[in-house]
Structures are given as structure tokens and as C-alpha cells.
Amino acid sequence: MDETKKGDGQMKRIALLATIGLSAGQVAAQTVVTQWDQFSQAGITAAGPAMDELIKTCAPALGGAEVLRTVAPSIGIRDSYRLAVAAGKTPDLAYTWPAASVLAGYARIGALAPLDDYYAKYGWKHVNDFYRGRNSYEGHIYGLPMEQDLMGVYYNKALFEEQGIKVPTTYDEFVAAANAFKEAGIVPIAFGNRDRWPATNTFSLILGLTAGKQTEEQVFFGDTPWTNEQFLKSATVFQDWANNGWFPRGFNGVGYDEANALFLSGRAAMTITGTWVIQDMIRGSGKIDLGVFMLPPIAEDIKPGTMWGEGSQWQLSATADQATKDAAAAYLDCLVSDDSRKIWVQKGYTVPIGTTPEELSEWGADPVVHSFFEQGLATPDTNFYDLHTTLPESVTQVLYPELQRLAGGDTTPEEFLQAMQTAWETAIANGERWVP
Amino acid sequence: MHSPRTAYWFLAPALILYLAFVAVPIAQVVGYSFFSWDGGRLDQFVGLANFARLGSDTVFWAALWHNAIWVVLTLAFPLLAGLLLSAILAERRPNTVRALAAIYFIPRTIPLVVAGIIWGWIYNPIFGLLNYGLEAMGLGQFGHAWLAEESTALLSLNVVGAWTFFGFCVVIYLAAIQSIDPSLYEAADIDGAGWGAKFRDITVPLLRNSTLFLGLYAAIEAMRFFDLIWVTTQGGPGYATEVLTTHVYKTFFLVGDFGYAAVLSVVLLIIVLSLASLSFWLLRSK
């Protein structure tokens with residue numbers, strides 16, 4: 001064999017090995033942050049366009065690390081995440097729901113990394129004590145809540161004008177409006193509960209406006225039983241809404257999306273739901289003139305307020321290595337920065353916690369978004385809890401069917417509350433209760 | 001001549017697969033049922049404590065009752081309809097038999113998830129075809145929110161189950177009827193027996209094995225089904241359509257109570273295995 005050719009061949013082999021070695025070294029040095037989130041392009045939490053843009057915008061904050069992203073459906077992500085935790089495959093960074101009891105459960109078994117040091121480093125002062133509490137367990141904070149969820153009443157302005165009905169400012173006016181729509185053959189409230197969870201939001205709103213935040217806290221964090229008088233009144237009000245014929249026929253067989261479609265088609269005057277679907281409401285409101293108001297207090301001694309929550313929160317896996325956690329925290333700091341909040345609002349119709357109505361105006365938010373948040377954020381001291389993002393899962397899975405039975409007239413308010421109290425006592429005995 | 005050892009070598013691949021994918025997972029689930037779990041992580045050995053919870057679990061008993069109702073209804077309607085239809089069909093021309101058997105069998109080929117979606121539309125209380133049809137015929141007062149009322153939900157879903165199953169019964173019965181010796185019917189004709197007498201005294205008795213097979217198959221399927229319920233009602237309204245499989249799913253995936261979900265799975269497994277054993281015993285004892 002020719003020596004020169006032999007030498008060339010060896011050189012090529014060395015060069016190839018060197019290249020492979022270099023590449024392998026680069027790959028090994030590359031920190032990868034696995035990210036699970038729920039930001040899709042349509043439906044609930046349709047903030048996908050904002051997330052897509054922010055991944056690029058915030059790439060420099062990662063310090064050379066790379067994000068490996070998985071999008072999971074917004075409702076199902078909590079089940080997927082639970083399985084991942086159980087299997088010891090917790091993603092490095094996840095944006096999932098709910099916080100409170102469920103997040104505390106993950107923290108209790110050591111699946112999540114405490115974020116206290118990152119809170120100290122980056123500030124994140126926009127997260128107030130209420131939200132910090134909902135993301136804490138035994139004095140440590142485990143979540144960075146981002147999305148601001150509020151509950152309100154979407155209404156069809158044209159139908160209100162046609163029927164000569166003004167936006168209700170008292171509960172009596174609300175009752176009169178609903179009855180007037182029913183008399184006129186218009187569905188007063190587009191409510192569908194086949195998916196089981198929507199009633200939880202509606203009932204949470206009624207509960208807060210009937211029993212008030214203080215009574216809720218006495219039950220959730222104290223010793224007051226579910227069978228108390230104020231809760232009984234709330235359950236009775238919810239059942240009355242159904243008995244009054246304010247919901248569409250067969251509402252327990254109507255899907256959440258179908259109920260929203262019923263409203264957006266102009267066949268229902270109102271729908272009571274949250275900001276998590278505001279993207280779809282705005283996009284689908286071609287046939288109606290969309291407005292929003294806050295449900296007035298139901299009990300006389302209750303101050304105005306609404307159900308609010310963090311929607312979902314970012315959390316880090318305890319098993320991620322330090323470099324990954326540091327990179328993810330820096331990336332999170334970028335995602336919740338002032339510049340990024342503007343992108344969430346403009347591209348995702350999602351309003352991050354800490355965003356003010358003035359900022360919404362300045363950033364050109366849709367008028368419906370602005371109106372919703374201006375009203376909902378005006379009562380921060382009296383805003384109250386969302387049941388299924390606050391209660392342990394075992395209680396939530398009793399709440400869902402029992403609310404279907406309550407609304408369907410298959411159980412009494414007293415029986416409903418007794419069933420809740422039984423589930424609640426079991427959850428407390430099992431150490432599942434979250435206390436901020 | 002091969003030794004028994006050679007036979008074991010041939011059995012080994014299938015046996016290994018069976019152990020890996022059936023026996024070991026079953027043993028694992030049985031093992032899980034003796035432990036408490038926290039957030040999906042193994043906590044501590046609790047003996048039979050998880051099993052003791054069955055007695056006070058009202059949802060479990062409701063689910064079991066619904067499964068039993070489902071078994072009875074499935075045995076009553078699809079089998080009966082399949083038997084009658086196949087007996088009538090068997091006397092028609094071969095082309096007609098083939099065409100109608102294929103048409104009856106179509107629902108069986110539709111995945112239950114798709115069947116659930118289709119029938120969810122039919123039963124929908126706002127735009128459902130069934131209520132629309134009733135109103136068009138002036139029978140609007142008989143309309144219901146079929147899947148949304150506790151009184152109608154389980155029965156309405158069973159209709160869907162029957163719709164997907166009766167075509168299978170027709171095909172099985174038809175094949176069995178066609179294997180009956182025609183001379184039996186010819187002799188009955190000579191004796192002046194009518195269609196009813198031939199059906200009662202020849203067809204039904206000679207289809208005993210097929211009936212037994214279909215009955216036990218239906219009973220086992222009725223214990224196992226899940227998808228139809230999940231895409232239509234998720235066990236609701238309330239617990240009206242809760243069955244064992246949906247209770248297992250919720251306990252495992254939604255509550256994360258793996259120990260108790262394992263107990264429910266073990267109970268379900270015992271029921272299904274008992275039915276399967278009964279099936280083998282009855283069919284072999286013939």
C-alpha cells in the first residue's frame with residue numbers, strides 16, 4: 001500500500017474522531033431543560049403564540065442551555081404530570097395546575113425543588129402573599145404562579161339591549177334579568193356540566209359571594225364544617241339557579257365548549273366562566289357584542305369580589321441538576337419580566353399576575369380583556385378561592401359528581417354538604433389538606 | 001420423536017411473553033394493593049387495610065350494581081335480537097344474508113369511542129337527533145336529556161352498547177344456524193311444524209353452545225367496558241353511570257390513590273377471571 005495514501009487515511013480518521021469527540025463534548029456540555037406546558041393554539045389557555053415567541057426571546061437567559069418543550073392539553077396536563085411524578089420522571093420545568101393542595105402534595109414527597117433562593121435572587125415581587133401562600137408548603141415556596149385567572153359573567157350586549165335589561169349591579173337585578181330572559185325564551189345562562197368541572201367554578205363563585213372569603217378560610221384552614229349555614233345557603237342558591245330554569249335543558253349532558261358555543265351563537269344571554277377561555281370568547285364573538293360584568297354579592301353582608309387564582313404555576317423538579325435548575329430559573333425570570341408580560345397579553349390574551357389595568361391599556365389589550373381585569377382586580381382583598389384548585393384531589397373527585405347531583409336535583413343541599421364534609425374529614429385524616 | 005424438554009423450548013417464547021406482560025403485571029397490581037401510597041409513591045405496607053375500605057365505599061357498590069345491570073341488559077336484548085334476526089335471516093337468499101349480515105355487523109367495527117361520540121350527538125339535549133325526531137313526530141313530551149338524567153343515563157348508554165354488540169350476535173348465530181343439518185327442518189316441515197315451533201324446538205336448543213359463548217363473552221365485556229362511558233358521561237351524572245373501570249380510572253389517575261385503585265382492579269380481575277373460568281367449564285363440560 002502507498003505510504004502517502006496510508007498516511008492520508010490515518011489523518012482522515014484522526015480528523016473524524018476529533019470531530020466526533022468535539023461534538024460529543026459539546027453535547028455533553030449542553031444543558032437541556034425539559035419543559036412541559038399547556039400553551040396550545042386554541043381552546044383553554046390558547047397562549048401558544050406567546051409561548052412560541054418567548055422561547056426565542058428568552059433563549060439568551062438560558063446561558064447556552066436549550067429548552068426541550070412538550071405541549072400537553074391544558075386540562076389533561078395535571079394528570080400527565082401526576083403520572084410523571086409517580087414514575088420519577090418529573091420534567092425539569094413544568095407549567096401545570098392546580099397549586100395549593102396538589103402542589104403541596106408534590107412538595108411533601110420531595111418531587112419539587114424549593115424556589116426560595118430564586119425568589120430572593122430575582123425578586124418576583126409581583127407575586128403577592130396570596131399567591132405565594134397558594135404555592136407554599138411548610139414555609140418554602142415551590143411554584144412561580146404566572147397566569148392571572150378571574151371569574152366573571154360574559155354577556156351578550158345586544159340581547160340585553162333588546163330586552164331592555166341593564167347590566168345588574170345587585171343580586172336582585174341579576175335574578176330579575178335571568179328571569180326576564182327566561183320569560184323571553186332566551187337561555188339566561190349557557191351552562192354545560194358534562195365535563196364535570198365547570199360546575200365547580202360556578203359554585204365557587206356563588207360560594208364566595210354568599211359565604212364570603214372569611215367563612216371559606218374558616219372551613220378550608222380551620223375547623224368550621226362544610227355543613228355551616230353560609231355554605232348551605234350557597235348550595236341552595238346554586239340548586240335554585242338550576243330549578244329556576246336558568247340553565248339550558250339537560251345541562252349535565254352539555255359540554256363546556258358546547259355551552260360556550262351556545263352563548264357565542266347568540267342563543268344565550270350570559271355565560272359564567274373565567275378568563276382562561278377569554279381567547280376563544282374574543283375570537284368566537286363575531287356574531288355577538290361581547291361584554292363582561294362581575295356577579296354582584298348574593299348575601300347582603302358580603303362585599304363585592306370574584307373568584308381568582310393563579311391558573312397554573314411554573315415549578316422545578318427536585319431531581320434536576322443545579323445547572324439545569326439555575327438555567328430554568330433565569331429563563332423563568334425572563335418569562336415573567338415586564339417585556340414578556342406585554343407579549344403574554346398581546347400574543348396570548350393571557351394576563352400575567354402583577355399586570356395592572358393601566359398596563360393593559362398601554363399595551364393595547366382587547367377591550368374585553370381590559371374590562372374583565374379592571375373589574376376583577378378592583379377587589380383584591382375580598383376575592384376568594386376556586387374550589388378545585390384549592391381542595392385535595394380526593395375531595396375534588398367527590399365535589400364533581402356531587403355538584404352534578406345537586407344541580408340535577410338528585411340530592412339536597414344538606415346531603416351535598418354532608419358528602420363534602422365526609423370527604424373533607426377523610427382528606428384531613430390522610431394529611432392531604434393544604435394550609436398556606 | 002421429540003422429548004418433553006423440546007416441547008418446553010417451543011413453549012418458552014410465548015411463556016416468557018405471557019409472564020412478562022400478563023403474570024408479572026397482575027402480581028404487581030396485587031402487591032400494590034397491600035401498600036399505602038403518597039402522591040403516587042410507595043409509602044408503607046398496610047396489609048388488608050385497603051381491602052377493608054371496600055365495605056364503606058358507596059361508589060364501589062354503585063359501580064358494581066351498574067355493571068350487574070349492564071350484564072343483565074346485554075344478555076336480555078342484543079342476544080335475543082341477534083337470535084331472532086339470525087333465525088329470520090337464515091331463511092333468506094344467500095346474497096340477502098351476506099348483505100344484511102354485513103350491515104348488521106358494521107356497528108361492531110366502529111370503535112366504542114367513536115360510537116360514544118356519535119350517540120353523544122344523538123342524545124344531546126340541545127341539538128340531539130333523538131329529541132328532534134320525537135318532536136317532529138309530535139312526541140316531544142317523551143324527550144329527555146338522555147345522558148344527563150340519572151333515571152335514563154345508564155339505560156341510554158346500554159342501548160349504545162347493544163347497538164354495537166347485536167350485529168356480532170347475528171353473525172355468530174347465523175354461522176351456527178347454517179351449520180344445523182337442514183334435514184331436521186325438512187322433517188319438521190313434513191310433520192307440519194310452523195316457523196315458531198321449528199325455532200323453539202330445533203334452532204334454540206341446537207344453538208345452546210353459541211348462546212353460552214355469547215352470554216359469557218357479553219358478561220365479561222360488560223365488566224371490562226370503559227371507553228363508551230368515559231367519552232359520554234365520565235360516570236355521571238353524579239354516579240349514575242359509574243362502573244368499576246371508571247372508578248378504577250378515577251381512583252388511580254385523578255386521585256392518585258394507587259393502593260385502593262389496585263384493590264379495585266383486583267376485585268375486577270377476580271370477577272372477570274371467575275366468569276372466564278365458568279365459561280371454560282361450561283363449554284368444556286358439554
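Trainee: What should I know about numbering and cut-offs?

Mentor: Residues are numbered from 1 along each chain as its sequence is written, while chains are lettered from A and ligands numbered from 1, in the order in which they are written. The model is predicted, so local features need pLDDT of at least 70 and side-chain atom pairs count only at pLDDT 80 or more, while totals for chains, interfaces and linings use all residues.

Trainee: What pLDDT do chains A and B average?

Mentor: pLDDT is the predictor's confidence in each residue, from 0 to 100. Chain A averages 90, with 93% of the residues at 70 or above. Chain B averages 91, and 99% of its residues score at least 70. For the model, ipTM is 0.87 and pTM is 0.88.

Trainee: How is chain A divided into domains?

Mentor: Domain bounds come from an automatic or database domain assignment. Domain 1 of chain A covers 31–147 + 310–355, and domain 2 covers 149–308 + 381–429. Their centres, taken over C-alpha atoms, are 28 Å apart. The contact uses 16 residues of domain 1 and 14 residues of domain 2. The domain 1 side has 10 nonpolar, four polar and two charged residues. For these classes, Ala, Val, Leu, Ile, Met, Phe, Trp, Tyr, Cys and Pro are nonpolar; Asp, Glu, Lys and Arg are charged; the others, Gly among them, are polar.

Trainee: What order do the strands of the five-stranded sheet take in chain A?

Mentor: Start with the terms. Strands (E, at least two residues) and helices (H or I, at least four) are DSSP runs, numbered from the N terminus. Two strands pair if DSSP finds at least two bridges between them. Here the sheet is open, with order β2-β1-β3-β12-β6 and mixed pairing. The edge strands are β2 and β6 (144–145), each pairing on one side only. Helix α14 (residues 322–335) packs on this sheet, touching β1, β3, β6 and β12 (313–316). The direction of α14 makes about 50 degrees with that of β1(A). Such angles run from 0 to 180 degrees between N-to-C directions, with axes fitted to C-alpha atoms, for helices over the stretch in contact.

Trainee: Which strands does β1 of chain A join?

Mentor: Six bridges link β1 (residues 32–37) to β2 (residues 66–71), in parallel. Within that pair, A:Trp36 stands opposite A:Thr70, and A:Thr34 has A:Leu68 as its bridge partner. Two bridges link β1(A) to β3 (residues 93–96), also parallel. There A:Trp36 stands opposite A:Ala94.

Trainee: Which backbone features deserve a check?

Mentor: Most residues other than glycine have a negative phi, and most peptide bonds are trans. In chain A, the bond from A:Trp97 to A:Pro98 is cis, with omega near -10 degrees. A:Pro98 sits in the loop between β3 and α4 (100–108). In chain B, the bond from B:Gly236 to B:Pro237 is cis, with omega near 0 degrees. B:Pro237 lies in the loop between α12 (227–232) and α13. A:Trp124 is not a glycine, yet has a positive phi of about 45 degrees. The loop between α5 (116–122) and α6 (129–134) of chain A holds A:Trp124.

Technical notes: Contact = placed C-beta atoms within 7 Å.
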